[in-house]
Amino acid sequence: MKKMSIMFAAAFATLSLASCGCNRRSVAQATEGVVPELKSEKVNLLSVEAFADLVTYGDVQLVDVRTPEEYAEGYLKGAMNFDFRSKGFLNMIHRLDKTRTVAVYCRSGNRSAAAAQQLHREGFRVADMQGGIMAWQKAGKPVERTVPKE
């Protein structure tokens, strides 16, 4: 209940500040305490709840590192699909903005851990979701699904 109240307050403050034309810093201040604090000197391993808060209220680039087939089965809203096992993975991550956090996840947490290390070595601030999308779904969080092509 307390978590829900904090989330509601942060969402209300964010919408209020956004509607009044306030800057990004004001929005960040309104959500302080809701968005997990991240360290730039290491990969940040986050629980499903902390990752959800970061994705909802933080200024992040959300990356799903599973295969396109796995991605099509269900993904987090707004996630880009950069297959960690593809030969072009390094080229894909170089399209990301190094001034913004990269929030990364996979199926169970193994590939995203390796991808997070690679992203960190390339100079990104990284958050990795512990347990991957399996933990996300187990926690009852929603996923998006692509419509199969006929």
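Guide: The second largest pocket holds about 210 Å³ of space. A pocket is an open set of points on a 1 Å grid over the protein atoms alone, where a 1.4 Å probe fits, with protein on both sides within 12 Å along at least five of seven lines. Its volume is the space filled by probe spheres set on the points.

This is a predicted model: local features need pLDDT of at least 70, side-chain atom pairs count only at pLDDT 80 or more, and totals for chains, interfaces and linings use all residues. Residues are numbered from 1 along each chain as its sequence is written, and side-chain values use heavy atoms, without hydrogens and water.

Helix α3, residues 48-57, gives the largest share of the lining, with 5 residues. By class, the lining has 7 nonpolar, 1 polar and 5 charged residues.

Step back to the whole chain. The protein chain has 7 helices and 5 strands, taken as DSSP runs of at least four residues (H or I) and at least two (E). Along the sequence they follow the pattern α-α-β-α-β-α-β-α-β-α-β-α. Of the 150 residues in the chain, 39% are buried (under 20% relative accessible area, 1.4 Å probe). Take contacts (heavy atoms within 4.5 Å) between residues at least 6 apart in sequence: 62% of them join residues at least 24 apart.

Next, strand β5, residues 126-129. Both of its faces are covered. V126 and D128 are buried on one side, A127 and M129 on the other. In a regular strand, side chains alternate between the two faces of the sheet.

Strand β5 has two partners to look at. Strands pair if DSSP finds at least two bridges between them. Strand β1, residues 44-46, pairs with β5 in the parallel sense over 3 bridges. Here L46 stands opposite M129. Strand β4, residues 101-105, also pairs with β5 in the parallel sense, over 3 bridges. There V102 stands opposite V126.

Stay with V102, in strand β4. V102 counts as buried because its relative accessible area is 0%. Leaving aside neighbours within four places in sequence, V102 is in contact with Q61, V63, L96, L119, F124, R125, V126 and A127. V102 and R125 are 23 residues apart along the chain, yet 6.3 Å separates their C-alpha atoms.

Key:
On a 1 Å grid over the protein atoms alone, a cavity is a set of points where a 1.4 Å probe fits but cannot get out, and a pocket is an open set with protein on both sides within 12 Å along at least five of seven lines; lining residues have an atom within 4 Å of a point. Ala, Val, Leu, Ile, Met, Phe, Trp, Tyr, Cys and Pro count as nonpolar, Asp, Glu, Lys and Arg as charged, and the others, Gly among them, as polar. Buried means under 20% relative accessible area, exposed over 50%, partly exposed in between (1.4 Å probe, protein chains only).
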